Amino acid sequence: MPGERLTVRATSEIGRFPGAAPPTRVELTIHKNGEKKQEEGGCRRWFRKMCPCCCKRQNSTSRDITDKVELSKILTPDPDPAPAPVPEPTENGEAKEMEEIKLSVSSVDLLSSKTGQNRREHHTDMYHGDELIIRRGQTFQMELELNRPFNADTDKLHLDLKTGPLPLVSKGTHAIIPLVEHLEDECWEAKITEQNGNKIKLSVNSPADAVIGLYGLTVTTCTLKGGAATTHNSGKTVTMLFNPWCEEDTVFLDDEEERKEYVLNDTGRIYYGTEKQIGARTWNFGQFHEGVLDACLFILEKSDMPPSGRGDPINVVRVISAMINAQDDFGVLVGNWSGNYSDGVSPAAWSSSVEILRKYHSSNGTPVSYGQCWVFSGVTTTVLRCLGIPARSVTNFQSAHDTDVSLTTDVYFDESMEPIDVLNNDSVWNFHVWNDCWMARPDLPPGNGGWQAVDSTPQETSQGTFRCGPASVNAIRSGQVYLKHDTPFVFAEVNSDKIYWQRNFDGTFSQIHSEKKAVGHCISTKAVGSDKREDITHLYKHPEGSEEERIAVETASRYGSKPDVYSTPAAEDVCVEVKMEGEGPTMGADAQLSIVVKNLSSQPRRTTLHSQVAVMYYTGVLKNAIKKDEMHVELLPNEEKTIEWVLPYQQYQNQLVDQAALMLTLAGRVTETKQVLANQTTFRLRTPDLIIAPVGEAVVGKEMAAKITFTNPLPRTLKDVVFRVEGLGLQKGHEVVIGDVGSHSTVTVTEHFIPIQPGTRKLVASLDCKQLTQVHGVADIVVLEK
């Protein structure tokens with residue numbers, strides 16, 4: 001509505017960058033396009049006639065800039081605004097209306113120097129050039145020079161950031177950034193942190209799921225009373241990237257050394273040869289080199305993905321996988337395995353991604369000749385790291401190529417044991433190079449985040465396009481090939497059995513031999529922080545020949561085109577489940593769960609259960625396994641056994657991350673029937689509550705108290721404990737410094753306050769310390785009228 005006034009409040013300080021100005025109150029006026037302007041008063045008309053040069057009529061026409069790619073940022077109010085001019089009375093008693101100087105933007109400084117605060121704090125100071133390159137979910141600074149000092153009582157200002165050909169707020173491609181008193185997380189907003197005359201400095205925040213890419217910036221100013229707005233097109237751009245340093249970003253990687261390797265390292269090693277003669281070559285990824293970022297953004301523009309889809313790294317990786325090869329979409333590289341490279345560059349001659357990407361960009365998207373798997377992988381690593389997605393090149397020796405989704409590598413012979421060439425389409429490559437990239441997978445069951453396999457070499461189509469991944473490496477390892485994307489193909493590359501078939505005289509085929517260790521050897525990548533080779537085979541598969549590996553293979557095969565390759569179980573009459581007592585294990589004590597195994601048959605059954613428990617982030621990414629066990633179980637007919645599973649406190653005390661979540665995985669096989677047993681259970685270690693007990697009568701204007709009690713559940717001292725307490729209508733939010741709290745000690749704090757609003761109010765408190773998180777409490781307090 002015209003003249004609608006909004007008060008924007010925030011409840012937390014900036015917290016990310018020091019030097020922010022104290023909280024202020026901001027009032028915003030929404031003035032929609034097309035609104036009727038206010039009628040000009042008689043005094044204004046008289047003054048304009050007397051002094052037309054000082055009081056010109058506002059032009060009734062204004063440019064519509066909503067369909068242009070522009071970016072605007074929000075200014076926060078002046079902490080000490082200049083007083084508005086006071087109307088002077090005239091001789092006949094009428095107020096003499098003075099025309100104020102209309103606020104406008106003279107210039108915008110994005111503080112984008114490579115050596116400046118923005119680029120350094122966003123880890124983008126290595127990129128070529130002095131444009132503003134930032135990472136989402138993190139504040140950045142900018143300065144505006146205005147035609148006069150900003151006055152919070154009379155002025156209104158906001159920023160617009162726009163990306164793509166048709167920016168829309170609903171699609172996340174048009175960000176309207178308001179001025180606020182305090183910066184919150186997870187939204188677009190800005191705050192004035194400094195004001196010096198006509199200059200103001202802003203701290204601007206972006207959400208952790210913001211669309212990545214190139215934004216245009218505009219700044220819009222007007223008065224709180226409404227009226228026509230003035231828009232300043234800065235002519236400058238902002239490049240937004242993924243942020244592995246931000247916990248809320250799905251590409252968050254919590255190890256600083258790994259971030260340096262998988263995001264910031266612009267050189268690497270790619271492995272080739274055979275498993276007994278592994279060769280290594282240095283590759284220049286060059287993600288920060290001049291022109292490379294522009295080329296990566298060009299690739300996104302050239303793809304069919306709408307800009308609104310660029311906030312999801314799963315979508316971005318899938319598109320990059322398709323665009324690096326030119327097989328069906330005029331992508332970056334043409335694959336060639338013919339041996340004839342006379343009209344291009346031999347794949348073996350490349351040693352850098354830079355020339356390839358710059359050549360593709362400068363030719364407006366003409367595919368570059370030629371590439372093979374290590375070239376496709378090297379360029380993919382460059383593009384993903386450049387955009388902010390942790391990535392590495394991975395080499396698999398004895399790599400299978402499954403052409404019929406059988407999840408086996410098949411070799412066919414006729415009745416005379418002669419190979420049937422027309423059927424022998426599956427192959428095993430000496431080596432094949434693809435990529436791992438790191439991200440959470442909220443689209444998959446918990447535990448499948450972390451490393452994801454992505455392959456840009458054109459081998460088989462996925463949903464009609466030559467691409468592959470991202471496929472969860474954890475899902476590949478366990479044979480869960482029904483989880484997207486393209487998990488069956490990667491599973492077959494690393495862990496398929498080689499099956500030999502002979503044609504019978506009736507035209508059918510019979511298995512005559514199988515090799516269970518034929519593919520997936522010495523899976524290699526460059527080690528973190530050194531040029532050594534790291535073997536990561538254990539991430540892709542269980543040890544060859546182990547029961548867990550065989551279970552994974554047979555589990556996967558059931559979802560292939562030949563589900564009967566392995567004998568189906570004679571019966572499925574044993575079940576396993578995990579139970580927890582009450583509300584589950586508590587922090588600071590041994591975690592105890594019950595594994596219940598039931599034999600539903602009238603025959604005895606035996607099995608060996610393999611258990612593994614791993615620490616898990618709330619995003620579903622597994623950090624590391626902290627305990628493994630084997631349990632031999634023998635069941636009489638119709639017997640049920642309960643096995644008490646224990647995770648000692650000493651094994652998890654230094655391993656947990658926020659939310660204190662863990663995943664217990666069970667796998668086994670019944671000896672008599674070959675039935676596969678599997679179970680995954682996620683649980684967390686419960687933390688204690690803060691107990692809040694009101695003291696005295698709750699009446700508006702009358703002092704009362706509340707006792708907050710906390711008992712340390714850990715057999716260790718908590719260091720630097722702080723309580724944060726707040727109650728709307730009861731008291732302002734503040735901190736209470738507690739200090740150290742000894743093992744199993746109890747601390748009580750009494751809060752005194754005066755309620756100012758009647759009704760049911762909530763007093764909330766939380767505990768903050770490094771050793772213990774997710775501790776909080778709440779009390780309902782019914783406040784009576786005075």
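Guide: A strand here is a DSSP run of E with at least two residues, and strands are numbered from the N terminus. Gln398 is placed in one of them, β18, which covers residues 391–401. The model is a predicted one.

Visitor: What makes Gln398 partly exposed?

Guide: Buried means under 20% relative accessible area and exposed means over 50%. Gln398 has 24%, so it counts as partly exposed.

Visitor: Where is His123 placed, and why is His123 called partly exposed?

Guide: His123 sits in the loop between α2 (117–121) and β6 (132–135). Its relative accessibility is 25%, and therefore it counts as partly exposed. His123 also has a positive phi of about 55 degrees without being a glycine.

Visitor: Why is the peptide bond from Ser369 to Tyr370 worth a remark?

Guide: Because most peptide bonds are trans. The bond from Ser369 to Tyr370 is cis, with omega near 5 degrees, and Tyr370 belongs to strand β17, residues 368–371.

Visitor: What is the omega of the bond from Gly469 to Pro470?

Guide: Omega is near 0 degrees, and that bond is cis. Pro470 lies in strand β24, residues 468–472.

Visitor: How many helices and strands does the chain have, and what share of its residues is buried?

Guide: The chain has 12 helices and 42 strands. Of its 786 residues, 51% count as buried.

Terms used
Residues are numbered from 1 along each chain as its sequence is written. This is a predicted model: local features need pLDDT of at least 70, side-chain atom pairs count only at pLDDT 80 or more; totals for chains, interfaces and linings use all residues. Side-chain values use heavy atoms; hydrogens and water are left out. Helices (H or I, at least four residues) and strands (E, at least two) are DSSP runs, numbered from the N terminus. Buried means under 20% relative accessible area, exposed over 50%, partly exposed in between (1.4 Å probe, protein chains only).
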